[in-house]
Amino acid sequence: MKQPTKKAQILSLYRSGIQNVEDLALLTGSRPSYVGAVLREAGLAPGYVDLYTSTRHPVNVYSRYFAGRLGYRDVETARESVALIDQLYRQFARTGDRAGQHHAMVMALTMFNRARWSGKQDAAEVYRRWLLRQLRAGRPRRAEKPESASAT
């Protein structure tokens, strides 16, 4: 008899009442991201999100700005993606939308990690440099020491 696929096992276990992604991953010898993708594809866990969730799946109101528009296939694709991220980051800054800025940074970090773990180090470097610029720009300035009042 043929062994059921991991996908079939995940769906069967989910429908039998085991609905925790981590438990399903452990029971089937799968990664949680794979379990999440299988469940999402079947319409059973549309809210599950992790590093490997496609940008086409909305996470919040900002997702639509990035959906299907980011990549890391090569350095040029990464540069185009970073240009979009930067444009949106600045737009959110102009309107004081810190949540939007945060989402832009999360997208850059996500793409950095995807590129890095896919062996696309040059593309990952494009994202890393942008992130570092933003992090350095956001450093709080050191407060100057107040001058001590002289007793005269």
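Lysine 7 counts as partly exposed, because its relative accessibility is 33%. The model is predicted, and in it lysine 7 and glutamate 41 meet through their side chains in a salt bridge, 2.7 Å from N to O.

- Lysine 7 lies in helix α1 (residues 6–15) and glutamate 41 in helix α3 (residues 32–41), so the pair, 34 residues apart, links distant parts of the chain.
- Glutamate 41 has a relative accessible area of 60% and is therefore exposed, whereas lysine 7, at 33%, is partly exposed.

**Other salt bridges**

- The count of salt bridges in the model comes to five.
- Aspartate 86 pairs with arginine 90, and the closest N and O atoms of this salt bridge are 2.7 Å apart.
- Both aspartate 86 and arginine 90 belong to helix α5 (residues 75–94), where they are four residues apart, about one turn of the helix.
- Aspartate 86 counts as buried because its relative accessibility is 17%, under the 20% limit.
- Arginine 90 has a relative accessibility of 48% and so counts as partly exposed.
- Arginine 73 forms a salt bridge with aspartate 74, with 3.7 Å between the closest N and O atoms.
- Arginine 73 is exposed, with a relative accessible area of 62%, while aspartate 74 is partly exposed at 35%.
- A network of salt bridges links Glu125, Arg128 and Arg129.

**Helix α3**

- Ser33, Val35, Gly36, Val38, Leu39 and Arg40 are the buried residues of α3.
- The cover over these buried residues includes α1 and α2 (21–28).
- Glycine 43 follows α3 and has a positive phi, near 75°.

**Helices α1 and α2**

- The axes of α1 and α2 come within 10 Å and cross at roughly 135°.
- That angle is why α1 is described as oblique to α2.
- The crossing of α1 with α2 is right-handed.
- On the α1 side the contact is made by Lys6, Gln9, Ile10, Leu13 and Tyr14, and on the α2 side by Leu24, Leu27 and Thr28.
- Sorted by class, the residues of this contact between α1 and α2 are five nonpolar, two polar and one charged.

**Helices α6 and α7**

- Helix α6 (residues 98–117) and helix α7 (residues 121–137) have axes that come within 8 Å and cross at roughly 150°.
- The two helices α6 and α7 are therefore roughly antiparallel to each other, as the crossing angle of roughly 150° is over the 145 degrees set for that term.
- The crossing of α6 and α7 is left-handed.
- From α6, the residues in contact are Ala104, Met105, Ala108, Leu109, Met111, Phe112, Ala115 and Arg116.
- They meet Gln121, Ala123, Ala124, Tyr127, Arg128, Trp130, Leu131, Gln134 and Leu135 of α7.
- The contact of α6 with α7 divides into 13 nonpolar, two polar and two charged residues.
- Arg128 is listed in this contact with α6, and Arg128 also takes part in the salt-bridge network with Glu125 and Arg129.

Technical notes
Residues are numbered from 1 along each chain as its sequence is written. This is a predicted model: local features need pLDDT of at least 70, side-chain atom pairs count only at pLDDT 80 or more; totals for chains, interfaces and linings use all residues. Side-chain values use heavy atoms; hydrogens and water are left out. Axes are lines fitted to C-alpha atoms, for helices over the stretch in contact, and angles run from 0 to 180 degrees between N-to-C directions. Angles under 35 degrees count as roughly parallel, over 145 as roughly antiparallel, 65 to 115 as roughly perpendicular and the rest as oblique. A crossing is left-handed if the near helix is turned anticlockwise from the far one by less than a right angle, and right-handed if clockwise. Contact means heavy atoms within 4.5 Å. Ala, Val, Leu, Ile, Met, Phe, Trp, Tyr, Cys and Pro count as nonpolar, Asp, Glu, Lys and Arg as charged, and the others, Gly among them, as polar. A salt bridge is a side-chain nitrogen of Lys or Arg within 4 Å of a carboxyl oxygen of Asp or Glu. Buried means under 20% relative accessible area, exposed over 50%, partly exposed in between (1.4 Å probe, protein chains only).
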